[in-house]
Amino acid sequence: MKTEATEGTRRQGRINSGLREVWEGFKLLCKIDRSLGRNSILLGFLDAVVPLLAVYMGARVIQVLTSGGDIMRTVFLAITLNLMLSLLAKWVNVQFDYGRMEMWRKKEAAVSDKLMEVDFEVLEDPRTHEKLTWLRETEKFFDYGLPAEAYYAKSIVKGGFTLLIGAIMSARVFKVPLPGVTIPLFLQNTVFIALIAGINVWCVKLAQRGVSQLDELSQSEARPVNLLFSAYWPYWGDYSYGKDTRLYAQKAFKSGIAQVPELLGNVYDRFLGYSASIGVKNAAAQIATMGLVYGFVGVKAYYGLVTAADIILFAGTVTLMMTGLTDSMQNYSKALLNTSYIKVLGEFLNLKSERYQGTLPVEKRDDNEYEIEVKNVSFRYPGSDKYVLKDVNLKLRVGEKLAVVGMNGSGKTTLIKIITRFYDPTEGEITLNGIDIRKFDYQEYLDLFSVVFQDFKLFSFTIAENVAASTTYDEKKVEEALKLVGFEERLRNMPDGICTYIYKDFAESGVEISGGEAQKIAMARALYKGAPFVILDEPTAALDPISEFDIYTRFDSIVQGRTAIYISHRLSSCRFCDDIVVFHEGRVVQRGNHDELIKDTEGKYYELWNAQAQYYKEQQIDVLL
Amino acid sequence: MEDVTDESRRPENGFGEKKPEYSLWQNMFYLLKNIYRTDKLYFAFIVLIVPVQIGIIALEAYVPKAVIGGIGVAESLRVYLLSIVYPVLLYLAAKCLYIILDYKLVKGGANQRALYMTYGLNKCVDMDYQAFSSEKGQTLVSRGLALADEGDSTLLVMFGQRCSAFLAGIGGIVFFAGLVTQIHLSLLVCICVSGVIQYYYGERLAEFKEKTVKETRGLRTKMRYVRRAKGNYEYAKDIRLYRIVDLFRDTERKLEGEWECYRRKEKIRDYAGFALTALLIFFRDGLTYFYLMSMFLSGSIQTADFVFLLGITRGISGWLMDLIAQITAIHGDMAPLNDMREYLEYQDSLKRGEGLPVPTRYDIEFKDVWFKYPGSDNCVIKGMSFHIKEGEKVAIVGVNGAGKSTIVGLVIGLLHPCKGEILIGGVNAEEMNINERYALFSAVFQDVHIFPDTVANMVMGSDYEELDLMDVGSSGSDSEKVQTPDEAYRRRKVEEALEKAGLIEMIQALPYGMDTYLGKMSREGAVDLSGGQNQRLVLARAIYRDAPIAILDEPTAALDPIAESEIYERYNQLVKGKTAIFISHRLASTRFCDRIFFIEDGQIMEEGSHEALMRYGGKYKEMFDIQAYYYQDDPEGDKLSASSKGGGESR
């Protein structure tokens, strides 16, 4: 007895928390698009009223026909009311449909807005990536996502109103007892309602079980196939993969291709088969109800206790109530499943950024007397126990040119990420003019740096917008920056000068540029920013020797007496730096200028240098001879 | 796609021909023909469901008539109730039959879609690379695949249902037209006229939407670009550092404003369509009521007939609306269907299954070869002639954009000369069976792409027949299977290749060894390797293939010096005893080549051994000196002449 009671309360609790979760989803929907939220409620109401009104007016006409009344007026009222309400409902419906169509885009905009401001740590965390991929993958099933949430809200509201109004409309038939039956009226009605309710409960159960089973099917079987399919997709459509598929995997891909649609087909087939079996049962239940209803009301009509109009009214209303209920319960179950999606999305959109806690303004100095010091810094990526940097001490002296060299994975790029506060050190601290950099306003602090990252990106906007990183810019300054990096000549060939779009993703008139040219524009962007620190991370890796040399020779004019850090594994480029730091396995192992470092034949620098120089040196001897 | 006449494009490329514009009826016939050819049962269901649909509508109108009509007429309650039960049971049977048939239709449609998808994807990996990789080819492919790739509601899946709804509409109207004319002929006229009005409006609306789709293509591309760029992880650092956030937001806001404008126009037209329908229903109902009432009042019909005739009239006009909606929907899908047919019917001139026998010696000869990319006016290769002897190792050097990779594409058969001849082992390569030609090469390309498959399968490439996609998520089950001797042999070969590529220890440390899946995103338990490891993996693939000609295209740009010099050693493993072509702009790497071609402006400017070219003192030496400059013990010395510096800038 007691356990039953707790079972009961637990059930109650589950329904409550279920409703609350669905409500949360609806709130998130409203947060992204308030009008869609409003329209889904309004449409739910109208969708309940319009068919009920049609049934009611139809019955009225029959009633007037059989028992007299102003027939013209009734008919006119029936069709006019129907017209008015349909016009209204359709208007809301169109808004609702378009709102749902646009929802995806609005959600993507909200997500990408968030991605632009979250902490870098969050951004690089594979879990973030996984979550977002999960969201995108999940949306592919139509039962998930915000547009689906709007639909569920509408359906639940519609079901509620249909039941409420329908109950009032159908009350009349219950007031007359079945003739020739001795059971009291109350009991008659109870038995009838219990029968209908029984069928309905069965339908709802069926629908809910169907929803959860279909979901399980989609999660366990459709999702992996979809994931795999997306992973293969570029191999079919993307031409840069085309060489690989043609030369190496044609046969394999053909057999793979043959399988993927088949696999998708199998999953699809099971979905459909399952839906169809539910459909048949539902139809049976609905028609059984129909039989019961017609029987119940027909017998009363046969004996003249109710009119033909009552039959029309009662049958129509009960059918609407039944489909309304099954529908809304089914959609409620779907909405419950959708809460898993809503939660992930909601959590992501509500992420707080820690980077922006600092408030101290950065002092503006015309003399660029900024000094950055790295003190005993150790670092490991979140979730990893391997140190990428260990006990690094480094002082950046004003106006100095510092080269950082080392093998791939020795921690060079990580150092830059720490200095620009994309990550905070695990141990130790970094100071700007003696103050911990975490105390500064982050955006102002970032304004101190002009960085050209190894994997720098330009955007498919105009050259000027790229250089200025803004829609508004100083033309002269843009041109000057481009001139300094040696882009002047190429600029003359650009159809619209600095207003030429680059790449074709954004504007069809866009101009394709080579890697070397992109490099130059990226440097111009760094120059335009004019920050006191200039950091160049592997800027010449993808360049041919002549462009590479060109960049080297411009290095001085690019840096212009600012503090500069130059990261490279191509040691030839270090020759023009006053100070070279050698990284190995996260530590600073050597420091000095080229001539000093090369003397230490046991050192890492010597090893790195010779690995490259050997090719050139022995040849050189040949030539010199 | 507009028709561009370009005299140098090979006519077989097909893009020059006019795009097929099939009519609605041609396309319906095409789809139905394919259904009949591939799935006769599906075809039968499309026809079978039609009478069931008509029956359901009739019963829906008939049941209330029976209920009302029996009152005061039936001789006993039992007779009365039976007169209700029979039609209800019939209705139940029809409805269940309908659901089952409808399911069969969707399933058949899904199968058709899968079939077109298979055709389409097969074409992707098979079609001529030159055409495939061109701008027009890419548009052709992406548009051609779009129809089969979309969600559930596409033409291909729904086609059967739409056809049957269309047929049921016609059938229903013919079947019940007599009943309606019984009420009044003008009612039938009214229904048909509203049908025509709706059809006309639907067509206009579809046209408008199609026009909008075309007009907004650029806008949508822009919006998509901004959306993706904002969320792109790779852009994140630059976005933060240069405060590009505002640039994106400003741009996006502007684009969204424009987009909203288009949407509003569409929305209003959509609504107007609905309003028109509601008005037509208003008139139809008014007219129906008017005639039915006068019949009722004159005593020619009873209440039950009133209800029945009202139901049938509404049913017919409902069908007509449905029928029109189906035609409009099919019509709306014609453009993507034409795109798909254009793609599937595209023919290239590659030799498959025929062609000259593959040679047994492997020298490569270019005879006055000219090449330009489709759609471009500039020749990338201009009358190039050379001969690479069997077993010779040649390096191709030059600045970016000089045409180095193009030469490799031409040799392999990914690209085709517009003039001149390429001979491999004395045989005209263009006349060879394309797949046998591909098999002649062990190539490592500049871009490293990793297949979402096991390490072993990735290395084996084309050598393995079955791709075990069913095995989603359970890596490593292969090792439990009994291995055929052939399989065991192949696995040993994979191991050897991994070892030669210097990757074996790393792979063996993976949870399932070489049966570990690659591509973290593709399935659970899969792993991603580092950039350097991936580079070695593609090298292992080339070593495994052990083809007579080795090709290495600029493979070391992202490696540190020690890794770079190590991988050069590994390359020796690959090229040993083979004809080899090596592309790099790290000139030092050309050391182990017998001959060097210095390419500039689509021509071979200098050719010879490294020593010879250095002695010759031309462009190659200039480039080498520039690169060696900082490696010299005394870089301030005068080895770098002023002229070479000037040469660098003029480019």
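Helices (H or I, at least four residues) and strands (E, at least two) are taken here as DSSP runs, numbered from the N terminus. The model is a predicted one, in which local features need pLDDT of at least 70 and side-chain atom pairs count only at pLDDT 80 or more, while totals for chains, interfaces and linings use all residues. Residues are numbered from 1 along each chain as its sequence is written, and chains are lettered from A and ligands numbered from 1 in the order in which they are written.

In chain B, 6 strands form an open sheet of mixed pairing, in the order β6-β7-β8-β3-β9-β10, two strands being paired if DSSP finds at least two bridges between them. Because β6 (441-444) and β10 (603-608) of chain B each have a single partner strand, they stand at the edges, and one side of each is left without a neighbour in the sheet. Within chain B, strands β7 (residues 549-553) and β8 (residues 579-583) run parallel and are joined by 5 bridges; I551(B) has I581(B) in β8(B) as its bridge partner.

Helix α21 (residues 619-628) of chain B lies across β3 (393-397), β9 (595-600) and β10 of chain B and runs at about 95 degrees to β9(B), where axes are lines fitted to C-alpha atoms, for helices over the stretch in contact, and angles run from 0 to 180 degrees between N-to-C directions. Contact between two residues requires that their C-beta atoms, placed from the backbone, lie within 7 Å.

Between the chains, 130 residues of chain B are in contact with 128 residues of chain A. Helix α3 (residues 77-126) of chain B gives the most to the side of chain B that touches chain A, with 24 residues.
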